[in-house]
Amino acid sequence: MKKIIVLNLKMNLNYEEALSYVSDIKNKISDVFNTIFCPSFIYLDLFKASNYKLGAQNVYYPEKGAFTGEVSASQLKSMGIHYAIVGHSERRKYFNEDNKLVGNKIAFCLKEGLSPILCIGETIEEKQLKKTASVLKNQIFYALKDADKDLINDIIIAYEPVWAIGSGKTPSILEIEDAIEYIKNNIKTIYDVNAKVLYGGSVNKENIKDIIKIKNLDGVLIGSSSIDAKYLIEMLDLID
Ligand code: PGA
């Protein structure tokens, strides 16, 4: 299976920069990867010219209605978008998204035929208290609780320790391997699904070669290291 590379551009690039970014990346990333760009909502249409798959960085759950400022799964689907990041730790931290909301979003994405990229991971305090496994278990439980069990196969899970995001720090290779195995076993046992699991958090040119080789890892979610197109292309060339 092709490694999945999710590029989370977060709240970066103005319009001019987005235009040149799209022309810089076009045809530059090998098709040995399943590459999914997640730019701001306003640039999703513009990114279609890059010919890579696209995902939204967030989504709201009712099909439509009076939810000023929000974008629904069905709106995204109607624009030809196939993925949406759900439950990113920045959403949980700055916008108070809780496990229940994450669960609603996952259920609606699946119902609309959008593949959610579910982000889960422990804080530094939880890691120090050796609670990583129980945090992951709890986040998975609430995220998938209301989902149609026949559609769970469409979910991509990103293991993203909160303390590793944007910090330059990463867990050890063994710690990532353990977390991936734990997540896969948990979903296999409960839903009988072979989940696709990515790692995210400070992936860069220095560590990508070691991370991508981790046993059973299906790919990576890259934030800061995707903002500069040249850096991104050089980094992905290292593992091509
Ligand atoms: P980072 O972000 O690569 O900058 O740590 C990862 C993410 O968006 O989760």
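Student: At what angle do helix α5 and helix α7 pack?

Tutor: Bear in mind that this is a predicted model, where local features need pLDDT of at least 70, side-chain atom pairs count only at pLDDT 80 or more, and totals for chains, interfaces and linings use all residues. Numbering runs from 1 along each chain as its sequence is written, and side-chain values use heavy atoms, with hydrogens and water left out. Helices here are DSSP runs of H or I with at least four residues, numbered from the N terminus, and axes are lines fitted to C-alpha atoms over the stretch in contact, with angles from 0 to 180 degrees between N-to-C directions. The axes of α5 (residues 99-112) and α7 (residues 132-144) are 7 Å apart, and the angle is about 45°.

Student: Which residues of α5 make that contact?

Tutor: Contact means heavy atoms within 4.5 Å. The α7 side brings N138, Q139, Y142, A143 and L144. Facing them from α5 are N99, V102, G103 and I106.

Student: Are α1 and α10 roughly parallel or roughly antiparallel to each other?

Tutor: Angles under 35 degrees count as roughly parallel, over 145 as roughly antiparallel, 65 to 115 as roughly perpendicular and the rest as oblique. The α1 and α10 axes come within 9 Å and cross at roughly 25°. Therefore α1 and α10 are roughly parallel.

Student: How far is an oxygen atom of the ligand from a polar backbone atom of G166?

Tutor: A polar contact is a pair of N or O atoms within 3.5 Å; within protein, one must be able to donate a hydrogen and the other to accept it, and residues adjacent in sequence count only if both atoms are side-chain atoms. For the G166 backbone, the distance to a ligand oxygen is 2.6 Å.

How values were computed: Helix = DSSP H or I, 4+ residues; strand = E, 2+ residues; numbered from the N terminus.
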